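These are my notebook entries on one protein model.

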Amino acid sequence: MHESVQAEVLMSFLVSEELSFRIPVELRYGTEDPYAVRMTFHLPGDVPVTWAFSRDLLLDGIVGPSGDGDVHIAPMGPEELSDLGIRLQVGGERALFQVSAAPVVAFLDRTDRLVPLGQERAFGDFEDALEKALRTILAEENAG
């Protein structure tokens, strides 16, 4: 049986220096994928959008710049537990969000109680998932 923790936070969607608006964002972490955190953004008038990325990236982003792909997270101020900036990128399109670090830290603390950092491998079904993915790939190659 898989367990999970969830939290809802309000983030500011920074459209420009002059324009931002607050949106609810659901944070989710589960034992079925113990390395990943999922953030579901509920933008007004649009379908929810979910991004998945490593729990370590989010944790590292609390204390310093983190990420080198489509997701970048960094503190927005010099003081401890300042707001976090979360930049998401798809192609040339970027979105920047700002969130208070405190609820994110509380969420990460709950994830650590569910799956302690460094013990993720004990919770995932990696061998089964890898075997299933390889079977699918081989079946597609043999069919084509």
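Provenance. I note that the model is predicted, that local features need pLDDT of at least 70, that side-chain atom pairs count only at pLDDT 80 or more, and that totals for chains, interfaces and linings use all residues. Residues are numbered from 1 along each chain as its sequence is written, and side-chain values use heavy atoms, with hydrogens and water left out.

Burial and extent. I found that 33% of the 144 residues are buried, where buried means under 20% relative accessible area, exposed over 50%, and partly exposed in between (1.4 Å probe, protein chains only). The C-alpha trace spans about 55 × 35 × 25 Å along its principal axes.

Secondary structure. I listed three helices and seven strands, taken as DSSP runs numbered from the N terminus (helices: H or I, at least four residues; strands: E, at least two). Their order from the N terminus is β-β-β-β-α-β-β-β-α-α.

Contacts. Among contacts with a separation of 6 or more, I found that 36% join residues 24 or more positions apart; a contact means heavy atoms within 4.5 Å.

Charges. I located 11 positive and 25 negative charges, whose mean positions are 3 Å apart. Lys and Arg count as positive and Asp and Glu as negative, while His and the chain ends are not counted. Each charge is placed at NZ of Lys, CZ of Arg, CG of Asp or CD of Glu.

Salt bridges. How many salt bridges does a search of the whole structure find? The search returned four, each being a side-chain nitrogen of Lys or Arg within 4 Å of a carboxyl oxygen of Asp or Glu. Side chains of opposite charge can pair when their charged atoms come close.

I recorded one of these bridges between E32 and R28, at 2.9 Å from N to O. E32 is partly exposed at 33% relative accessibility, and R28 is partly exposed at 25%.

R38 forms a salt bridge with D33, with the closest N and O atoms 3.1 Å apart. R38 is partly exposed at 27%, as is D33 at 24%.

E120 and R55 also meet in a salt bridge, at 2.7 Å from N to O. This pair links distant parts of the chain: E120 lies in the loop between α2 (101–114) and α3 (126–143), R55 lies in helix α1 (residues 55–63), and the two are 65 residues apart. I noted that both E120 and R55 are buried.
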